[in-house]
Amino acid sequence: MAAPVSPVTGRYVDVTVAGETYEVFYLEAGEGIPLLCQHTAGAHNHQFRNLLRDPEVTGSYRVIAYDLPYHGKSDPPHGSSWWTRQYDLTSDFFTEFIVGFAQALDLDRPVFMGSSMGGVVCLYLARDYPERFRALIALECADFTPGFYIDWWAHPEVEGRELIASVVDGLIAPQTSELDRRLTMFYYSQAAPGVLKGDLYFYSAEHDMRETVSTLDTGKVPLYMLTGEYDYLSTPAQSEATAAKIPGASYQTMHQVGHFPMSEDHPRFMSYIGPILDEIDKRS
Amino acid sequence: MTRLPQEGPAAVCAIGPPIDPRRNGARISRMSLDDKLLARLGQAMVADPELGVVGKFFTCSFLLGCDGNRYLLRVRNGSLDELLVDPHPTEPWQFAIKAPSSTWQRYLQASPPAEFHDIWAAAWLGHMTLEGDMKVFMQHHMALWRTLKLLRATASSAPAA
């Protein structure tokens, strides 16, 4: 007798950004409103493993968790010599990729949700592509997140995978189960050298919306911001202050949660995100 | 300065009041973090299977500072080889983690409060300082991380009778 097969499927789709084509891997489950899920820097789509398997979500949402190029099973571009240049993620590439991926799957105004760099990019999607999205859910986001673009993440005299995994643990709430903690750390030990640091170029070097975030128009796209109590890169106070600058943006602190709410404690995450998904569903 | 020798898996640390090198070796009383706690940490490190995996190359010297107290840990292959309480100022170490006792008290709680739950968090938000050779700190971070987890677990458990 065959073992039960998960309803979560994995597929590839080509996405072209700035003239280069990427073979992008994504996991998906469910039917309904498309919900795009962006992993954190240096990680991959397994961070959303519990969301993809939650029938409370997949009953009304088509949950799609992709691997950004260079992450997980999404290769660097096959058509260019990517090894001859430094991988540094930029806001232009990031937003164009997200919009291009949604176009490639012919999604009708998806909801976009991301954490950390995926939360921060919500601010850029709200600024540049508000009409393309039904709602933006920014987890662990602030208008300025400096300091993590450091060379130690990819240094020949340092074992980067162990370093990164153990540093990441400090961003996880102490109340997190040992399994969820270890898996979150494990995902961080899987990235290619330089990918975390390259992602953090966007997050910590390029990103600074302190002077402009107040111009975002939540009348064009609703913006929900949520931050974990134990996040020290974008603290609850910093996220709340950012939300306060944006007319119409909502903010909640997620208690006993850190920087990775979707992979730390799914039931607790759902207690915060579930009502928001219901609200978006009713409005659609 | 007091040396607390670690003598293998079943080592019991000899703990005495630290010596103040600025006062010609006179013994002074110290009650904060924690010569007793750090001695118990040495035993926990030896007994920990995870450190047995990630600590094979964990050989370095680092200082833990708490208010005016300093504790120099010399680790070899994942075991606490030597613990110096209030080491002489010329004793070498490679990196240091320093914080006021109020920070360490929060850090060592079994369920620590936000901002004090991790040395990066505490350092990031100004409650703790990291000093010394950051390359050595980064090279040994995984084993150091596990050691500090053991420190918290040790602080939360009752000392053996």
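Student: Which residue in S6(A) is the bridge partner of A:Gly114?

Tutor: In this predicted model, A:Gly114 has A:Ala138 as its bridge partner in S6(A).

Student: What makes strand S5 and strand S6 of chain A a pair?

Tutor: Two strands pair if at least two bridges are found between them, and strand S5 (residues 111-115) is joined to strand S6 (residues 135-139) of chain A by five bridges, with the two strands running parallel. The five bridges meet that cut-off, and therefore the strands count as paired.

Student: How do you know that S1(A) and strand S2 of chain A are paired?

Tutor: At least two bridges are required, and nine bridges join S1(A) to strand S2 (residues 20-29), the two running antiparallel. Within this pair, A:Val17 stands opposite A:Glu20, and in the hairpin, which has two residues between the strands, A:Ala18 takes a positive phi near 50 degrees.

Student: Why are strand S1 and strand S8 of chain A said to stand at the edges?

Tutor: The open sheet of eight strands, with mixed pairing, has the order S1-S2-S4-S3-S5-S6-S7-S8 in chain A. Strand S1 (9-17) and strand S8 (250-254) each have a single partner strand, so one side of each is left without a neighbour in the sheet.

Student: Why is A:Gln47 called buried?

Tutor: Buried means under 20% relative accessible area; A:Gln47 has 0% relative accessibility and therefore counts as buried. A:Gln47 lies in the loop between S3 and helix H1 (49-52) of chain A, and, leaving aside neighbours within four places in sequence, its contacts include A:His39, A:Tyr187, A:Phe260 and A:Ser263.

Note on methods
Residues are numbered from 1 along each chain as its sequence is written. Chains are lettered from A and ligands numbered from 1 in the order in which they are written. This is a predicted model: local features need pLDDT of at least 70, side-chain atom pairs count only at pLDDT 80 or more; totals for chains, interfaces and linings use all residues. Side-chain values use heavy atoms; hydrogens and water are left out. Helices (H or I, at least four residues) and strands (E, at least two) are DSSP runs, numbered from the N terminus. Buried means under 20% relative accessible area, exposed over 50%, partly exposed in between (1.4 Å probe, protein chains only). Contact means heavy atoms within 4.5 Å.
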